[in-house]
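This briefing goes through one structure by topic. Please look at the sequence and the model first.

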Amino acid sequence: MDAAAVLGQLVVGLSRAMILFIVSAGLTLILGVLRVPNVFHGSLYMLGAFVAWTVAEAVGPHPAGLWLALAAAPLVTAAVGLVLERLLLSRLYYREHLMLILFTFGVMLVLNDLVKLLWGPTYRSLVPPPSLQGAVTLLGVALPKFNLVLLVAGPLVGVGLWLFTHRTRAGRIARAAATDRDMVAVLGVDVSRVFGMAFALGCFLAGLGGALVAPTTSITLGMDHSLLIDSFLIVIVGGLGNLWGALAGSLLFGITQSVGLLVWPQFAVAFPYAVTAAVLLVRPTGLLRSAW
Amino acid sequence: MSGRVLLGLALAALAAAPAVLPPFFVYLLALVLVTGLLATSLNLVLGYGGLYQFHHGVFYGIGAYTAAVGITRLGWPAWLAFLVGPLAAGLAGLVIGFFCVRLSRLYFGMLQLSLGSFVWIVALRWYPVTGGDNGIHGIPLPPVLQTLPGAYALVAGAVVASLAALWAVVRSPFGLTLQAIRDNPQRSEVMGVDVRAHQLAAIVLAAFFAGVAGVLYVALERSVFPSMLFWVLSLEILVMCLLGGWFTFSGPLVGAAVVVGLRTLAGRYTEYWTLVLGVLLILLIFFLPEGIMGHLQQRWNAHRAPSARPATAGDVRG
């Protein structure tokens, strides 16, 4: 095993980790503020990828197509999330917790069939513009250019989310609501509105993840499933509602899978699960402190 | 007393069904019974235990796959495979449950969904043993089980016996303790109840009976496939419990009958069954959260004691 192969695999693992981070950051944000594990998060990721494909197809070979697609997909998923939250989910906040989770289950079933209805069961692929095709050679290793875009996008989203939650009023209220929503409500803040905003932002990130992954993989029905399961495990390992936990969990996932591909390719998928189980045996509530 | 009369009538109807109904409906009834047992076993942990058992289908699939692999790959006799299947499911319940009961409710459900999906991936990828995405078909069974009346008799007998056992569990001191834990875990803990041990035991029992349902499915269909372990099936049985009413014993059975009937009917007109299921689930949450049997029970209680405020099970905060 030469160093170039290891480095190449590491970059692939890291770019996978960035996608996982963007999506699970959205999931953990919703979990932290609303305390709902959003089961249709994966469906929005899939929807984001399909919307990105449609936009890129409509624009054609012009390089702006990809950027337009990257902008449009998360806006569409955020809009879908916001409408569902305001119209339906927000009416369930006073109900038993299980009902909220089951509601997101129901939406997942509906969304997945709607995607099937709109785009059909065929595979799609989004070809990045020529400037982002091919690879750059670094230290003798050929690294796909688009993976480098992902390596930049992940930290950007992380910094953006940190600035939002720590430097803006809305973000501070969202964090406060995550810790003690009753107290925040007593202080005169419209908590329901904060919930709606946090939910839409989480859905935005799911769509962004889907749009970013679109040029690197085949876009197909069922792509939501493994991602949802992975991001569930990531937020559990990281600590529910903890943004940095989502980052740590994503890195753990991406890197162990890369290591798995190097040592035992047939069962590479099992590696992150094994590591997760080991972490949970030692720390049942995750690596970092849960938001609640 | 009217309950006993109803029970007697139901048993008589089950016994008479193969002689009276056309074969397709006998088959459908057997499928409802298998699914009903699966949903009732889920309700032991969901309704009575208050645990977020989001991936119960895994134990059903493990029971079925163990029997199928035992018969086709290892050459076991059918009776042995049908005994080992539920035991394997119970063992899987022990392993998965061991990780899950250490966690709080939400973590529990999410982790179970993830671990269950891992089992699904194994079934999907381990071609030489599980047949991958094709599954295993045409499992050889003793001649008596290859006829519909024979398979029906086994299914009906085993389901009735299992339901009786589950009923006994629910009414036993263990079952009552389980419900006490559901209603107030802290208080139960303080009173000296080993909460985790009770929950784990309930998961193992529920997994065992899901495994029974799994091997009965093999007896009925002579095939297994990966979607038996897929979480959409787990969701379907959750919907059955919700639809029938998970604060009642018979609710999941009623829910199973309705969902299996709907699926059979919808299958004739559309390939978008999950869309139908999703819409049904959302409508239930908004309009009938206590389920069919829960709703009937409330009306019955209100009828008997007009002054008493009916229980609003759906409004309890989680």
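Is Arg222(B) buried, partly exposed or exposed? Arg222(B) is partly exposed, because its relative accessible area is 28%, and a value has to be under 20% to count as buried and over 50% to count as exposed. The model is a predicted one.

**Chain A**

- Chain A contains eleven helices and two strands, and from the N terminus on its elements follow the order α-α-α-α-β-β-α-α-α-α-α-α-α.
- Its radius of gyration is 19 Å, close to the 19 Å that the globule rule gives for 292 residues, so chain A is as compact as a globular protein of that length.
- Of the 292 residues in chain A, 56% count as buried.
- In chain A, 76% of the contacts between residues at least 6 apart in sequence join residues at least 24 apart.

**Chain B**

- Chain B has 14 helices and zero strands, in the pattern α-α-α-α-α-α-α-α-α-α-α-α-α-α along the sequence.
- A compact globule of 318 residues would have a radius of gyration near 20 Å, and the 19 Å of chain B agrees with this.
- A box of roughly 60 × 45 × 40 Å, taken along the principal axes, is filled by the C-alpha atoms of chain B.
- Buried residues account for 52% of the 318 residues in chain B.
- Among the contacts in chain B between residues at least 6 apart in sequence, those joining residues at least 24 apart make up 77%.
- Chain B has an accessible surface of about 13,900 Å², with 69% belonging to carbon and sulfur atoms.

**Helix pairs**

- Two packed helices are described by the angle between their axes and the distance between the axes.
- In chain A, helix H5 (residues 145-167) packs with helix H8 (residues 191-213) at an angle of about 170°, and the axes are 12 Å apart.
- H5(A) and H8(A) are therefore roughly antiparallel to each other, since angles over 145 degrees are classed that way.
- H5(A) contributes Phe146(A), Leu150(A), Ala153(A), Val157(A), Leu161(A) and Phe164(A) to the contact, and H8(A) contributes Met197(A), Leu201(A), Leu205(A), Leu208(A) and Leu212(A).
- The contact of H5(A) with H8(A) has eleven nonpolar residues, no polar and no charged ones.
- In chain B, the axes of helix H3 (residues 57-72) and helix H11 (residues 231-244) come within 8 Å and cross at roughly 120°.
- H3(B) and H11(B) are therefore oblique to each other.
- Here Gly57(B), Val58(B) and Tyr60(B) of H3(B) meet Leu233(B), Ser234(B) and Ile237(B) of H11(B).
- By class, the contact of H3(B) with H11(B) has four nonpolar and two polar residues, and no charged ones.

**Buried residues of chain A**

- Thr77(A) is part of helix H3 (residues 64-87) of chain A and counts as buried because its relative accessibility is 0%.
- Beyond its neighbours within four places in sequence, Thr77(A) is in contact with Leu44(A), Leu47(A), Gly48(A), Cys203(A), Phe204(A) and Gly207(A).
- Thr104(A) lies in helix H4 of chain A and is buried, with a relative accessible area of 0%.
- The C-alpha atoms of Thr104(A) and Phe40(A) are 5.8 Å apart, while the two residues are 64 residues apart in sequence.
- Not counting residues up to four places away in sequence, Thr104(A) touches Val36(A), Pro37(A), Asn38(A), Val39(A) and Phe40(A).
- Phe105(A), also in helix H4 (residues 97-119) of chain A, counts as buried at 1% relative accessibility.
- Phe105(A) and Val39(A) are 66 residues apart in sequence, with 5.5 Å from C-alpha to C-alpha.
- With residues up to four places away in sequence left out, Phe105(A) touches Val39(A) as well as Phe54(B), Leu113(B), Trp231(B), Leu235(B), Leu238(B) and Leu281(B).

**Positive phi**

- Arg35(A) is not a glycine but has a positive phi of about 60°.
- Arg35(A) is found in the loop between helix H1 (3-34) and helix H2 (41-59) of chain A.
- Arg222(B), likewise a residue other than glycine, has a positive phi near 55°.
- The loop between helix H10 (195-221) and H11 of chain B holds Arg222(B).

How values were computed:
Residues are numbered from 1 along each chain as its sequence is written. Chains are lettered from A and ligands numbered from 1 in the order in which they are written. This is a predicted model: local features need pLDDT of at least 70, side-chain atom pairs count only at pLDDT 80 or more; totals for chains, interfaces and linings use all residues. Side-chain values use heavy atoms; hydrogens and water are left out. Axes are lines fitted to C-alpha atoms, for helices over the stretch in contact, and angles run from 0 to 180 degrees between N-to-C directions. Helices (H or I, at least four residues) and strands (E, at least two) are DSSP runs, numbered from the N terminus. Angles under 35 degrees count as roughly parallel, over 145 as roughly antiparallel, 65 to 115 as roughly perpendicular and the rest as oblique. Contact means heavy atoms within 4.5 Å. Ala, Val, Leu, Ile, Met, Phe, Trp, Tyr, Cys and Pro count as nonpolar, Asp, Glu, Lys and Arg as charged, and the others, Gly among them, as polar. Buried means under 20% relative accessible area, exposed over 50%, partly exposed in between (1.4 Å probe, protein chains only). The radius of gyration is taken over C-alpha atoms; the globule rule is 2.2 Å times the number of residues to the power 0.38. Accessible areas come from the Shrake-Rupley method with a 1.4 Å probe; for residues, only the protein chains shown count as cover.
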